[in-house]
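Biologist: I would like to learn how to read a model like this one. Please take me through it feature by feature.

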Amino acid sequence: MSTTVKAVKRTVSLTIDDDLYQRARMYNLNLSQRLSEAITQELQQLERLRWKEENREGLLEINRINAQCGHFGGEHRKF
């Protein structure tokens with residue numbers, strides 16, 4: 001038996017260009033779903049960038065070690 005946990009949703013008010021709204025309605029677009037997807041993608045990108053910046057020094061150190069010593073298990077690679 002599987003269960004799905006629904007995220008708590010919040011009603012918000014936003015303003016968009018009327019022409020854009022009318023065109024979206026013409027295609028029956030679910031604006032709430034589209035906005036949630038767009039925000040999710042943007043947040044994922046921002047979080048990736050933050051992670052890279054927060055871990056920059058460690059990544060540079062790993063690259064330095066690899067350049068100096070070679071990649072771990074490199075002698076066993078077949079390619």
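Modeller: Start with the naming of elements. Helices (H or I, at least four residues) and strands (E, at least two) are DSSP runs, numbered from the N terminus. Helix α1 is followed by N28, whose phi is positive, near 55°. Two cautions apply: this is a predicted model, where local features need pLDDT of at least 70, side-chain atom pairs count only at pLDDT 80 or more, and totals for chains, interfaces and linings use all residues. Residues are numbered from 1 along each chain as its sequence is written, and side-chain values use heavy atoms, with hydrogens and water left out.

Biologist: Where does N28 lie, and is N28 buried or exposed?

Modeller: Buried means under 20% relative accessible area, exposed over 50%, and partly exposed in between (1.4 Å probe, protein chains only). N28 sits in the loop between α1 and α2. Its relative accessibility is 69%, so N28 counts as exposed. Its positive phi occurs in a residue other than glycine.

Biologist: How many helices and strands are in the chain?

Modeller: The chain has three helices and zero strands. Its pattern along the sequence is α-α-α. The radius of gyration is 23 Å, well over the 12 Å that the globule rule gives for 79 residues, so the chain is more spread out than a compact globule. That radius is taken over C-alpha atoms, and the rule is 2.2 Å times the number of residues to the power 0.38. Along its principal axes, the C-alpha trace spans about 60 × 40 × 25 Å. Buried residues make up 1% of the 79 residues.

Biologist: What span is expected of helix α2?

Modeller: The expected span of a helix is 1.5 Å times one less than its number of residues. Helix α2 (residues 31–54) has 24 residues and reaches 34 Å from its first C-alpha to its last, close to the 34 Å expected. For the 14 residues of helix α3 (residues 56–69), the rule gives 20 Å, and the end C-alpha atoms are 20 Å apart, which agrees.

Biologist: Which residue caps the N-terminal end of α2?

Modeller: Look for polar contacts. Such a contact is a pair of N or O atoms within 3.5 Å; within protein, one must be able to donate a hydrogen and the other to accept it, and residues adjacent in sequence count only if both atoms are side-chain atoms. N30 is the cap of α2: a side-chain oxygen lies 3.2 Å from the backbone nitrogen of S32. At the start of α1 (residues 18–26), a side-chain oxygen of D17 comes within 3.1 Å of the backbone nitrogen of D19.

Biologist: What does the side chain of Q45 make a polar contact with?

Modeller: With the side chain of R48, at 2.9 Å. Q45 lies in helix α2. At 34% relative accessibility, Q45 counts as partly exposed.

Biologist: How far apart in space are L31 and E53?

Modeller: They are 33 Å apart, C-alpha to C-alpha, and 22 residues apart in sequence. L31 belongs to helix α2. With a relative accessible area of 36%, L31 is partly exposed.
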